[in-house]
Amino acid sequence: MTEPRIAATADVDPSATIGTGTVIWHLAQVREHAALGEGCILGRGAYVGPGVRIGDRVKLQNYSLVYEPAVLEDGVFVGPAAVLTNDVYPRSTDIDGTLKRDGDWSAEGVVVRRGASVGARAVILAGRTVGRYALVAAGAVVIRDVPDFALVAGTPARRVGWVGRAGVTLREESPGRWRCPRTGETYIEADGLLTGPEFPAPPAPEREDPSHTAPGDPSETVLGNSSQAAPGDPSQVASGEPFETVPGGPFQAASADPSEAAPGGTS
């Protein structure tokens, strides 16, 4: 990948770590000791607080605010003017009127798990976790943890549906069984949580009638061979990278290896 591209008007602290291929646009600010992975995009006016940890292929849209010590894993999307807060009981001063400074309060960072999306102008309260591939609707106020694959909306945010890895609302095809209309992946709901996805079983491969195969013609003998992938075979979904099958989707594929998640924690 290419070296990072940082606009002249952006303010990136020298102690911050910026991954290859990352682009930081005008007036964005990255504070001291923050770490951004590879292939990220920070829009105009985006803010990344001290020590924030951001994985690969993360998008922070214009004027989104990510306060320390937040952790954003691979493939996360944060919409325009969204805010990830860090103070449960915000006050400017102590009870004696003294202005609070660093060390006078405890920051609690938001954690956004792999592939999740936070919509425009949404607010995530301090210390909350947004689960894998979850979708927080625009303008929502998240006051409690969001489960994996949950679609939440409103103030306070409540679950109004489920979404798959492609970001599309899932359809219930039978009790406790949900399917993505775009990818065909299926998910299982139990005890208020969703797991998956499971790929649909591929159809049986078609085989050529041997009587039509020209003897000794290798181009004909491979037709219908069981080693060929049948339509719907998950092995053919972009070499295991599901987002590649969604044309125009907002994310590139995130690694399924949890060891590649963004380093760090809420401490």
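## Terms and model

Two strands pair if DSSP finds at least two bridges between them. Strands (E, at least two residues) are DSSP runs, numbered from the N terminus.

This is a predicted model, in which local features need pLDDT of at least 70 and side-chain atom pairs count only at pLDDT 80 or more, while totals for chains, interfaces and linings use all residues. Residues are numbered from 1 along each chain as its sequence is written, and side-chain values use heavy atoms, with hydrogens and water left out.

## The seven-stranded sheet

Isoleucine 124 stands opposite valine 142 in S20. Strand S17 (residues 123-124) and S20 run parallel and are joined by two bridges. Both belong to an open sheet of seven strands with parallel pairing, in the order S2-S5-S8-S11-S14-S17-S20. Strand S2 (11-12) and strand S20 (141-142) each have a single partner strand, so one side of each lacks a neighbour in the sheet.

## The nine-stranded sheet

Another open sheet has nine strands, ordered S1-S4-S7-S10-S13-S16-S19-S21-S22, and its pairing is mixed. Its edge strands, S1 (5-6) and S22 (158-162), pair on one side only.

Within this sheet, strand S7 (residues 41-42) pairs with strand S10 (residues 59-60) in the parallel sense over two bridges. Leucine 42 has leucine 60 as its bridge partner in S10.

## Glutamate 185

Glutamate 185 lies in the loop between strand S24 (177-179) and strand S25 (186-190). With a relative accessible area of 4%, glutamate 185 is buried (under 20% relative accessible area, 1.4 Å probe, protein chains only).

The side chain of glutamate 185 makes a polar contact of 2.5 Å with that of arginine 165 and one of 2.9 Å with that of tyrosine 187. A polar contact is a pair of N or O atoms within 3.5 Å; within protein, one must be able to donate a hydrogen and the other to accept it, and residues adjacent in sequence count only if both atoms are side-chain atoms.

Notes
Helices (H or I, at least four residues) and strands (E, at least two) are DSSP runs, numbered from the N terminus. Buried means under 20% relative accessible area, exposed over 50%, partly exposed in between (1.4 Å probe, protein chains only).
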